[in-house]
Amino acid sequence: MTSLVIRAVILAAVAAAIAIPVGLFSRPWHGWAVFCVGLVLQQLIHFRHFSRLDRWTRKPVVDASLEGEGAWDDIFGRLYRHEKELRAQIEQREQTIKLLRAATQALTDGVVMLDLQNNIMFCNTTAETQLGLKLDADQGQSILNLVRQPEFVAYLEALDFSRPLTLRPERYKDRVYAIHVIPYAGSRRLMQIKDITQADRLDQTRRDFVANVSHELRTPLTVLAGFLETMQEIELDDAERRRYLAMMADQSDRMQSIVQDLLTLSSIESAPPPDNDVVDMASLIDKLRRDAEALSAGRHSILVETDGNGDLRGSEPELISALANLVTNAVRYTPPGGKITLSWKTSPQGAEFAVQDTGPGIDAKHIPRLTERFYRVDRGRSRDSGGTGLGLAIVKHSLNRHQAQLDIKSELGVGSRFAARFPASRVANS
Ligand code: ADP
């Protein structure tokens, strides 16, 4: 500004320096006229710069269009540099916002930014899918008008965000979300939506498992306790005592079998990948046949069909336990006089060990659940034949660890076929 004043004074002095001689040598008003013309010229120059500035401020462009003379040039230069810095800062901030949005989009959790009135300021695509929102259309709208599930509305309205909300969304009945609301920047709220379906299922499985184990052990324990009480209170003769003790031994065997199967299951679940031993299938099948004959005690005819080719690669104890379970089940569930066939076949695609029986067969509705822990078609029959309900769960786990599949085919009144299918990578010497 000072340079503008100095310049105005200089111009006025120049006008005066020309006007004074003119006034002295001609007439005084000629001098005044020259002085006034000088001042008007000065005003015109200022006016020209003002209008240039006026035009520029309406549409500031960072180019060389804002140029002036003298002190105006300094002012325009400063303005120009200021505008340039401002633009650089804005561009940098826009870039940061873009990156932050991209980072939020990359999150696997849903994120919704809300204002104090629960209006949506921003949400990522995960949250759009989870809650059925559409950012373009729903921005600025209250989330309570868009997600109307009563427990969600109650949670946001209660304003107590110390615990997350567990929500089973109406639009995806099989999913479970944990919704956390985190207040930030004073009155705003950040909503984080975590999909906890998997963890919830695991938790449910664990609860069911504990309930099942307790139930399975409680029954023989109750029977044992009953016998003990009777023996303590009543005088028994020798024959009766022996009968009671035999029944107590049955119950204790039963508990032992359950605990043994549970330990087997837990050890294969936590074990490292199985070994790669070559398991001689000819002698394994021979052993399975002999065990089956011993268990059957002549009540069934037991046949073996093998193409004599190929052995298996894997953990020998695990494979024996899995395949023996299938054979034992066939003997236990097939009524006397039935036929049980063990077969072993290899092909370029892999190998199959199967046990076919002429037992009672299994209704199709039970088949998908047979490998669940403690699942039985007929609880009484399983228990009477010494079953724990864990056999096929152990089979499935052991086979999975060998990349093999359990295939079950059965027809009521005709019989069942349980087949373990191994991939070619698990077959040796074929
Ligand atoms: P369990 O110890 O009760 O035999 P498993 O897990 O071995 O438990 O088998 C689960 C259920 O599958 C059994 O209770 C039985 O109902 C059915 N099952 C298994 N094998 C056969 C079979 N060969 N024939 C008929 N039912 C079978």
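1. How far is an oxygen atom of the ligand from an N or O atom in the side chain of N329? In this predicted model, the separation is 2.8 Å.

2. R332 places a polar side-chain atom 2.9 Å from an oxygen atom of the ligand. G389 takes part through its backbone instead: a polar backbone atom of G389 is 2.8 Å from a ligand oxygen. As for the ligand's surface, 530 Å² is exposed when the ligand is taken alone, and the protein buries 97% of that.

3. Now step back to the surroundings. The ligand sits in the largest pocket. There are 20 residues around the ligand, and those that come nearest are Y333, S382, T388, G389 and L392. By type, the shell consists of 9 nonpolar, 7 polar and 4 charged residues.

4. Which elements supply at least two residues each to this shell? They are α11 (316-333), α13 (391-401) and β12 (415-423). Helix α11 gives the largest share, with 4 residues.

5. Finally, have a look at the aromatic rings. The model has 6 aromatic pairs. One of them joins F50 and W72 in an edge-to-face arrangement, with 5.1 Å from centre to centre and 80° between the planes. This pair links distant parts of the chain, as F50 belongs to helix α2 (residues 28-58) and W72 to helix α3 (residues 71-106), with the two residues 22 apart.

Methods
Residues are numbered from 1 along each chain as its sequence is written. This is a predicted model: local features need pLDDT of at least 70, side-chain atom pairs count only at pLDDT 80 or more; totals for chains, interfaces and linings use all residues. Side-chain values use heavy atoms; hydrogens and water are left out. A residue is near a molecule or strand if one of its heavy atoms lies within 4 Å of it. A polar contact is a pair of N or O atoms within 3.5 Å; within protein, one must be able to donate a hydrogen and the other to accept it, and residues adjacent in sequence count only if both atoms are side-chain atoms. Accessible areas come from the Shrake-Rupley method with a 1.4 Å probe; for residues, only the protein chains shown count as cover. On a 1 Å grid over the protein atoms alone, a cavity is a set of points where a 1.4 Å probe fits but cannot get out, and a pocket is an open set with protein on both sides within 12 Å along at least five of seven lines; lining residues have an atom within 4 Å of a point. A molecule sits in a cavity or pocket if more than half of its atoms lie within 2 Å of its grid points. Ala, Val, Leu, Ile, Met, Phe, Trp, Tyr, Cys and Pro count as nonpolar, Asp, Glu, Lys and Arg as charged, and the others, Gly among them, as polar. Rings of Phe, Tyr and Trp (its six-membered ring) pair if their centres lie within 6.5 Å; planes under 30 degrees apart count as stacked, over 60 as edge-to-face and the rest as tilted.
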